[in-house]
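Welcome, and thanks for taking a look at this one with me. Please open the sequence and the structure side by side before reading on.

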Amino acid sequence: MKIAVIGTGYVGLVTGTCFAEYGNEVTCVDIDKTKVAQMLDGKVPIYEPGLEEIFQRNIAEKRLNFTTDLVEGIDGAEAIFLALPTPPNEDGSADLSYVLDVADKLGPLLKNYVVVINKSTVPVGTAEKVKSAIGKNVKIEFDVASNPEFLREGCAVDDFMKPDRIVIGSSSGRAIEVLKLLYEPFAREGAPILFMDERSAEITKYAANSFLAAKISFMNEIANLCNLVGADVDNVRLGIGSDPRIGSRFLFPGIGYGGSCFPKDVQALQKTAKDNGYQFKVLDALIEVNEHQKRILFERVKAYYNGDLDGKTFAIWGLSYKPDTDDIREAPSLYLIDDLLAAGAHVQAYDPEAMANVEQHYKSAPGLKLTTGSYEALTSADALLILTEWSMFKEPDFTRIAKQLRSPVIFDGRNMYSPEVIQEHSFYYESIGRPTIKP
Ligand code: NAD
């Protein structure tokens, strides 16, 4: 099938490439000229494991094309996917201007029946808004469907190729046939394709992300309590995770959730509730808990140095909001770096993939040095702070860490190391929800 994907970011590029992989002819449209030029030059503009190989294969086989021109991009397409940003407005609601701008432009360009499929995470009622925006200027028949995306950055290709479920919100039989045809190859292993109305599909995405954010936040609070009462959250995690009603996944405490989705999606659902006269108290608490958790490591570091961080130097390992991505949107690392710099400390930071994004975010920040390797970050630092659980940090050379640091102190925001290993190397070691280890 001939498909257009409008917006070629983490979702759009993966969507387009994976549909091409199954034989569809895909054109990805983006307004970012630099990004499109890079892709036309055969370069993947984001870091996403497994994407490069299928990207190159489908370009070589001429099933994957890129353009900045919307007219050229949608020419002959039977399905048009919208994978556009929906960032938060000041009041927490989702900014729909990207989606509605494109919908406005699409109307006069449509020549044949087409299904416009919204993959962006959007508030309930958006399918209707997109339909009326397109419908203002159109003479042919078209349908709008809601198809929220559940892929996770870092394993986006796998998630797209082997989804847990595919959610399709549409009341049009014709649109459902098009989407069935497109998605059936991805459901061969038994993942359900769930058909529902547009509004339920839109809410499903927010409910999923908010539920996951709640699971993390609950564990973060349990971890904070463990710290106060001398329990070990790892034991508690295993103790509750073996109950299938709870499940063992997503129970790892840390320094708060970040990324381009959870924070904005929880806020947007809270706003939807409010706009409908409902106070969603769980979401209110969730936002408050996460704000606190993002700052917890800073508070712990400050307490260790008796409130005086002026002139201290901290090594940071990990800047992306989670491993296997270069994405730093709403990353807890940015909050910590800001707090450390504001307190007069120096930061020497390293991340295997996110350095370019961090450099662009800070431009020139006196006090912040981005290093070329993980061990370079340690040189003459007062302590090591671990913020993202990249595999490369899992089994480091502890002797080298101890030697390069000014003193052997680690604050581990991701509970990367076993207490036994840390004890062997005589570190002072604080982690989240586990007893502090003193040399
Ligand atoms: P992104 O910022 O990585 O990509 C969006 C792309 O759209 C950018 O390349 C931008 O240049 C392009 N764009 C903006 N305006 C455009 C226009 N008028 N025409 C063409 N292109 C335009 O965003 P993303 O992370 O891919 O997220 C897209 C949507 O998917 C959001 O609603 C997000 O909430 C949702 N989502 C994201 C993820 C994720 O893990 N990133 C997962 C599921 C759902």
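Here are a few points on the domains and on one pair of helices.

1. Please keep in mind that this is a predicted model. The protein chain is split into three parts: domain 1 covers 2-196, domain 2 covers 205-292, and domain 3 covers 294-430.

2. Let us start with domain 1 and domain 3, whose C-alpha centres are 37 Å apart. The two do touch: seven residues of domain 1 contact ten residues of domain 3. An interface's size is often expressed as the accessible area lost when the parts come together. For domain 1 and domain 3, the buried area is about 670 Å², and carbon and sulfur atoms account for 41% of it.

3. Which residues of domain 1 lose the most area to domain 3? They are Tyr10, Tyr47 and Glu153, which together make up 82% of what the domain 1 side buries. Across the interface of domain 1 and domain 3, one salt bridge is found.

4. Now for the helices. Helix H5 spans residues 97-109 and helix H6 spans residues 126-135. Their packing angle is about 35°, and their axes are 7 Å apart. The crossing of H5 with H6 is right-handed.

5. If you zoom in on that contact, H5 contributes Val99, Leu100, Ala103, Asp104, Leu106 and Gly107. From H6 come Lys129, Val130, Ala133 and Ile134. Sorted by class, the contact of H5 with H6 has seven nonpolar residues, one polar residue and two charged ones.

Conventions:
Residues are numbered from 1 along each chain as its sequence is written. This is a predicted model: local features need pLDDT of at least 70, side-chain atom pairs count only at pLDDT 80 or more; totals for chains, interfaces and linings use all residues. Side-chain values use heavy atoms; hydrogens and water are left out. Axes are lines fitted to C-alpha atoms, for helices over the stretch in contact, and angles run from 0 to 180 degrees between N-to-C directions. Helices (H or I, at least four residues) and strands (E, at least two) are DSSP runs, numbered from the N terminus. A crossing is left-handed if the near helix is turned anticlockwise from the far one by less than a right angle, and right-handed if clockwise. Contact means heavy atoms within 4.5 Å. Ala, Val, Leu, Ile, Met, Phe, Trp, Tyr, Cys and Pro count as nonpolar, Asp, Glu, Lys and Arg as charged, and the others, Gly among them, as polar. Domain bounds come from an automatic or database domain assignment. Buried area is the accessible area (1.4 Å probe) that two parts lose on being put together, summed over both. A salt bridge is a side-chain nitrogen of Lys or Arg within 4 Å of a carboxyl oxygen of Asp or Glu.
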